[in-house]
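Reader: I would like to go through this structure and ask what stands behind each label. Please set the values against the cut-offs.

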Amino acid sequence: MIRSLPNSPLYKYGYRFYITLFFIFLVLPLIAISVLAFNDSNSIALPWHGFSLDWFFANNDNRVGLFHDEDLLRSIWISVETAFAMAILSTVVGTMAALLFEQEKFKFKGLLYFFAIAPLVIPGVILGISILLSSSYVGEILDTKFGIDTEVFSPGFWLVVFGQFSFGATYALLLVSARLKKFDPQLEEAALSLKASRLQAIRYITIPFLKPAIIGAFAVTFIMSFSNFNTTIFLVGSDPTLPVELFSRIKFSSTPVLNAVSFMIVLFITIVATISLFTNRKK
Amino acid sequence: MSGNKKAFYFLLIPVLLWLVLLIIIPHIDLFISSFKVDGDSSSAFSLENYTIFFEEKIYWFTFLNTVLYAIGITLLAFVVTFPVAFYLTKVVDRKYASFLTLMLLIPLWVGELVTIYGWVIILGDHGVINESLKWLGIIDKPLPLLYNNFSMSIGLLYMSMLFMTIPVMTTLESLDDSLIEAASDLGASKFTIFRRIIIPHAMPGIVNGGIIVFMLVIGDYVAPNILGGKSNLWFTEQIYNQFLSTFNWNQGAAFGFLLLVISSAVIWMALKLSGQKLEKVGS
Amino acid sequence: MSSVLEIKDLNKNFGDFKALQDINLNVKEGEFVSVLGPSGCGKTTLLRVIAGFIEESSGSISIQKQPMKGISPENRPVNIVFQSLALFPMMNVFENVAFGLRRQGLKKDEISKKVLKMLKRVGLEGYEKKKINELSGGQKQRVAIARSLVMKPKILLLDEPLSALDRKLREYMKVELKDLQREVGTTFIYITHDQSEALVMSDRVAVMNKGKIEQLDTPVNLYTHPNTAFVAGFVGENNRFELANSDNNSITTKNGWKLNMPDLDFTPNVMFMRPEAFILEPTDDIKDINRFQATIKVVLFDGANTKMSVVVDSGDEILISLPQNAKFQNLKSGDRVDIGIAYNNIKCYKE
């Protein structure tokens, strides 16, 4: 049943068979996408018409490959910018929140913590629409009452960043808190005893200790932002992010260029995952 | 003390801004908007948006359908992934464990849009499955695998199940193998060991995972919209339509609020039944 | 020499719990004072109040005549060596020792000079670049002490810093720490539950129990003249007996063992006798002692610390030191022995 206990062959091989099926189920979509990205065909699926790099490099009346598809490339770039801004914001505020909730005592801490982790159980749609509602409300008031036309409050880049940040910070908070719980508070007291101020203690002792978690939080929130659709769709302006662009293409005009871009994402994630596997092994 | 206070406010203010501006106010706004009637500029409160919901069968039926589906997918995710979580933490050779765990993360990081697109390729009339079956001579007409509740369920399960696996694996890792050995030594059957030792120990992880899966499924739009049929009933689609097609934001706010209420209620019940706290969900 | 630390009527309550009660303590400059007590007696609370991590409920603390009320830890002229040592794992030895100096904004070369000098003093020359996890337990100890001493605190507070070390190293570090303190002349306040650490190193020891200082005295006086039953029982090994009754000239244990005890001017209810205070086979010319016979129950051989447990006729059991000289080497269980104890080695208390 576990490594150290004997098992019947039926149990052992039956179990292995199920696990194999599960992993096939898991990788099948990724493999199908990757293989069909190289299909010499105008249809996204089978049959196989031979190997071709057209959906990456072609640029003619029939086929526009990924590297010539201006709209797609632009949406990738917007997604990268968005993810970068969102990940930085989320990591910084999430880390501050972790320090606040783990180390400080104050009134209404329990209530604030409840709000801070609520995004974990609030569907992304709800976050999207509620932020859209209140931002347009504020924008409208600023426009009609004060005549200030503020772009930040209308759908667009920054609204997407803030919308994603509203839950990104929660994940950063949880990741950093998990490591902060292992922090020996005597280290900070030692710093205070050695005449550091509280902020210096945080900067020189706590933050270096938290570094792996902070880097992890940045990576996780970056990927979350890069693949987010449910919140983003409500807040996006005229510049779609990659998931939004992918969605409309899948719905209305799918060509194998979608396979190509999906393949690039799968490839990138696999490389990142492999690197993290080997760096973890070294430790 | 003054240095301490400075540090405290330095941490508190950004966190407060995040929670007040992006979590608390938008949700209050959502609540208030749901009681206003679209196009009626007077700020009178009205229950109209909610009466429409209860009077139109299509709305509340969709709502009910979505909730039941979300509960079903959550249970399915548990049944499908629990053996996998157990296998990866307790059965498989440790050499392979980290590699296989990483395999679990790749689809998660690749993102929902790409993997759901992968399922379109697999399940379509010219998809991997139909073409393979045709090639094997089992069928000569493609099976209707795509654009129905079957494909929608596959997509929902696929994009959410790994959020069940990972917390369950975390709790199983903390289960001391010697407990299982001791139970086996005392003559317990495999079934008894699962029921009396492994499941109770993994319960916090199961509840955490279940909550996240439920929330993701009930709030998902991509899988039902892309993989579901034309006549499929998914409540988030109603919200999207109100916001992005008919532009009746107040009606959409009411729908959103109802979704928030039902998902919070189910999550609250799950926490009550298992005796857990929301604070533990993220850990 | 003048007082460097003055604590007056200090109290600290945590809710209803009185962690510190009416603490009065004066420490002279350059003194090595230990605070000794069982866990939960309040000794760590006292240290944290002195350091400023906990605010006192009432009373006052002055360091070099300066009242410390409301002054935050980083502004007090004290440094702490923590129980866990709390060395910064992300920094090397040099950076750990330099940490405090850098916060003071000293110049680079000055910091470097001070750090190297301090490392040399604690015997860690050439270890500057080592990572913390590359050091042995004893070396970590020295880094922790060097890191605090380099700040030239008026008082160095040490919170059971030796407790993580193994026994042999602890014995060695005791001597070294005492030497170091004498050399640098800094006032040390040393918190410990280990009486041997306290007795070996300290000029004076404050024995704490239940938030109070029971006795503040030199190690020798603590051992030979404990003021209270708690101190008698806590410091050093002791045989303790509850007393049933007593009169002016004698005391009787609950089991009915009667001993002469002339000139008692109070009614004690508990009595202590140290294992090494007993005289085996006392000659007839020794005066002012109780003489009795007892049966050896068991001999507990431990080299120079060998003891035996004997039972007197009343059934009371006593632990007695057994010198390993030729005369007593052959004693074994079941033997009858003559034993004596001087009146002034019987310590009586009213609890």
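Reader: Why is S57(C) called partly exposed?

Author: The relative accessibility of S57(C) is 39%. Buried means under 20% relative accessible area, exposed over 50%, and partly exposed in between (1.4 Å probe, protein chains only). S57(C) is therefore counted as partly exposed. This is a predicted model, in which local features need pLDDT of at least 70, side-chain atom pairs count only at pLDDT 80 or more, and totals for chains, interfaces and linings use all residues. Residues are numbered from 1 along each chain as its sequence is written, chains are lettered from A and ligands numbered from 1 in the order in which they are written, and side-chain values use heavy atoms, with hydrogens and water left out.

Reader: Where in chain C is S57(C) placed?

Author: S57(C) sits in the loop between helix 1 (43-51) and strand 4 (58-63) of chain C. Helices (H or I, at least four residues) and strands (E, at least two) are DSSP runs, numbered from the N terminus.

Reader: Which residues is S57(C) in contact with, leaving aside its neighbours within four places in sequence?

Author: They are N11(C), K12(C) and N13(C), contact meaning heavy atoms within 4.5 Å. N13(C) is 44 residues from S57(C) along the chain, with 6.3 Å between the C-alpha atoms.

Reader: What lies 2.9 Å from a polar atom of the side chain of S57(C)?

Author: The backbone nitrogen of N13(C) does.

Reader: What makes up chain C as a whole?

Author: Chain C has eight helices and 20 strands. Of its 351 residues, 51% are buried. Among contacts between residues at least 6 apart in sequence, 65% join residues at least 24 apart. The C-alpha trace of chain C spans about 75 × 45 × 35 Å along its principal axes.

Reader: What is the area buried between chain A and chain B?

Author: About 8600 Å², with 80% of that given by carbon and sulfur atoms. Buried area is the accessible area (1.4 Å probe) that two parts lose on being put together, summed over both. Helix 1 (residues 9-36) of chain A supplies the largest share of the side of chain A that touches chain B, 16 residues.

Reader: How many salt bridges are counted between chain A and chain B?

Author: The count is zero. A salt bridge needs a side-chain nitrogen of Lys or Arg within 4 Å of a carboxyl oxygen of Asp or Glu. Contact between the two chains involves 89 residues of chain A and 102 residues of chain B.

Note on methods: Polar contact = N/O pair within 3.5 Å; in protein donor to acceptor, adjacent residues only side chain to side chain.
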